[in-house]
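Here is a short tour of a two-chain model, written for someone who likes to check geometry. Please keep the viewer open as you read.

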There are 2 protein chains.
Amino acid sequence: MSRERPRRPRTRCGRCREKAVIELRRHSVAFCRDCFLHYCRQQVTKAIDKYHMLAPGDRVLVAVSGGKDSLALWDLLLHLGYQVDGLYLGLGIGGYSDRSGQVCQAFADERGATLRHHDLAAEHGFAIPQAAAAAATGGRATCGVCGLSKRYVFNSTALAGGYDVVATGHNLDDEAAVLFGNTLHWDTGSMARQFPVLEATRPGLVKKVKPLYRLAERETAAYCVLTGIDYVVEECPLVAGNTQLRYKETLNELEEQTPGTKHEFLFGYLEKAAHLLEAADDATLTACSRCGMVTQAPEDPDQAPVCAFCRTSARLAAPLPQVLPQVIGR
Amino acid sequence: MSRERPRRPRTRCGRCREKAVIELRRHSVAFCRDCFLHYCRQQVTKAIDKYHMLAPGDRVLVAVSGGKDSLALWDLLLHLGYQVDGLYLGLGIGGYSDRSGQVCQAFADERGATLRHHDLAAEHGFAIPQAAAAAATGGRATCGVCGLSKRYVFNSTALAGGYDVVATGHNLDDEAAVLFGNTLHWDTGSMARQFPVLEATRPGLVKKVKPLYRLAERETAAYCVLTGIDYVVEECPLVAGNTQLRYKETLNELEEQTPGTKHEFLFGYLEKAAHLLEAADDATLTACSRCGMVTQAPEDPDQAPVCAFCRTSARLAAPLPQVLPQVIGR
C-alpha cells in the first residue's frame, strides 16, 4: 500500500539503523555488530527459556571441538552468566586434533575457564582413524563411530564430574540436516528422539541441551568473527562423503530459492509434528553389562546387554598401527 | 564371496535373460519389453490389492489429461479387465488443451472406450488462463486453482455418473514430491490425507485411488513408448516456477546419488509414519451452501459454508478477456 512507510535499505541495522554488517534473509532483517550479538544472545536465551534447558546454578559441561559452534556456545553461555566448564575429546585425528585441542585450551585460558581433556586413545584404546580403516572394510561409518564416542564420553564425563547438563553446539543447519536425513528414511524412532532438550529420564543419563538450535551455521561463524573468537576453520579430514554434508547442501539449495526453508522445516517439526511422532520412540533402556552405562535393551531377553560403544571399542581397540597417515595429515 | 554365481551383466532382462530395454536402478534390475510390461501390471495389481482400491464390477472413472501417466493408467486398468471410462477436463489452455483432448479421444476411439468431456469454461464460466492472470496480481497460484478444479470436477462428474471410484495417474515421483513439499512445511493435515486410497467417508464423496503410486515417472513414460500409446509430451505452458517441479528436481538429485531415495521416502512414510500422523487430519466436513458438494466446515459456525471451488469460480468467472495469449500459445 502506498501509505506504508517506505522500506529502508537492508544495509541499515533493523534495530538501531546503524550500518549493518550482516543480513539474515530468513528474518528479512540486517544487523550491525552489536545488535547482531544481541540477537544471538536473545536467540540462545529464548531457546533456554522455551525448553527449560538450564536453571540458575546448574553446573554445565559444554562439549567443545574447537569449531565455531561449540566455542560460540561456550562464549554465549559464559556471557549469559552460566557456570560452564568445557570438555575437549581428543579423537586422535593427527594434526587436526592437535590444533583443535590447542584452540580450545587457548579459549579457556583467555577467559580463566576450566577445560577438561579426555583422550579416546588413552582412555579407550582406539582413535577415530582406526574407525576409518575399519569402515573402509565394511565396518560402521567413521562419522557414526565418532558421534557414538562423543555421546558416550560426554555423558560419562558429565556423570563422573557431577554436572547437571551437557550442552552441545548443534546449530539450526545441523539439526535441520539430521531431521532431513531421518525424514527421508522415516526413521521415526530417531525423529522422536530429536529435540532441543533430552531430559535425564533415568539414573546414568545426564540431561542434554542444544542452545544454538535457533542460530544458523553462518550466524555462529559470524558470531565468532565479530567477537574475535579464534576457531578451527578446516573441516575434519575424515568427513569426505558424509551424508549429513550432502543433506546440508540440498537444504542450502532449497534455502537459496526460498529463504527460511530450513527454519520452517525444523521449527515446523518441533511445533507441529514432534508430538505426533512421540509414540515411535519405543526404545527400552537398561544398563550395559560391561560398563554400566545406559543402553537399549537387546531384543532377546536372554542376551546380556552390551552398549554400542563397548562393542565398538572392543572391535577397534588394538595396538595402534600407522593407519591412514595420508588421510589424517600432519 | 567368490563362490557366489557371477552377476550377469545388467543389459540382460532380470526375469527372462533376453536383451534388456530398461534398467530400474532402485530395484537393481533390468527388463526386456515384455517383462517390463509384466512388471508394470504387477505393480498396479499390487497397489490395487494392497489398498483394496478396486473391486470386480466397480465402475471406474479415470481422469485423463493426455499425458503419459493417465493414459498408461487407463490402458493398464483396461488390460487388467476393469470397466473404466475416461474423463477429460478441458482447462482452456489454448492449443495445449486442444491437443490434449484430441489425444485422449484418439486413445478412447482406438479401444472402443468411452471418454467423457467436461469443459471448465462452458460449465463454470472460467478457464485456467484467468487463474494465471489473477495469480499474477496476487490470487491463488495457477496450479492450485487447476488442482482444485480437477478434484471438484472429477468428484462431481463421478457422482453424477454413478461411478464407484475415481482413479488418477499420480505416480511415485508425483506422490514423493507432494509429500516432500508437505514435509518441508510439516503441513501435517495434508500429510495425513495423502494416501494411495481415499475412501468415500460421507455421501457426496467418491472414492479416489492412485494405482500408479508404485511406478516411477520414467516407468510410465517407458510403458507408453513400449506399448505405442501416443501421449502429449509437452508440459503445460503455465507450469513455469511450479514448486512441485522444484521438489521433483531436488528429489531427482538425491535419487541420482542414492537410487531408491524416492521409493524409500514415499513407502517409508506410508508404512512407518502415516498412521502416526492420522490424528492431524482434523478437518470437519459439511455441505457447500452453494453447490451442495462436500467441503471443510468454516471455523465460524455462523458463517455459511462455501467450498473453495465456488469461491474461486465466483472470483474468476467473468467475460473471457484475451488473457496471456503469449503464454498459452497457439
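Predicted model: local features only at pLDDT ≥ 70, side-chain atom pairs only at ≥ 80, totals over all residues.

Now for the interface. The copies meet through the same surface, because 100% of the interface residues of chain A are also interface residues in chain B. Chain A gives 26 residues to the contact, and chain B gives 26 residues as well. Between them the two chains bury about 2200 Å², with 67% of it on carbon and sulfur atoms. Three residues, Leu184(A), Trp186(A) and Leu276(A), supply 32% of the area that chain A buries against chain B, more than any other three residues.

Next, a helix pair inside chain B. H1(B) and H9(B) have axes that come within 10 Å and cross at roughly 130°, and the two helices are therefore oblique to each other. Their crossing is left-handed. The table lists who meets whom.

| Helix | Residue range | Residues in the contact |
|---|---|---|
| H1(B) | residues 33-50 | Arg33(B), Phe36(B), Leu37(B), Tyr39(B), Cys40(B), Arg41(B) |
| H9(B) | residues 217-227 | Glu219(B), Ala222(B), Tyr223(B), Leu226(B), Thr227(B) |

By type, the residues of this contact between H1(B) and H9(B) divide into 7 nonpolar, 1 polar and 3 charged.

Definitions and conventions:
Residues numbered from 1 in each chain as written. Chains lettered and ligands numbered in written order. Heavy atoms only, no water. Axes fitted to C-alpha atoms, helices over the stretch in contact; angles between N-to-C directions. Helix = DSSP H or I, 4+ residues; strand = E, 2+ residues; numbered from the N terminus. Parallel < 35°, antiparallel > 145°, perpendicular 65-115°, else oblique. Left-handed = near helix turned anticlockwise from the far one by under 90°. Contact = heavy atoms within 4.5 Å. Nonpolar A, V, L, I, M, F, W, Y, C, P; charged D, E, K, R; others polar. Buried area = accessible area lost by both parts, 1.4 Å probe.
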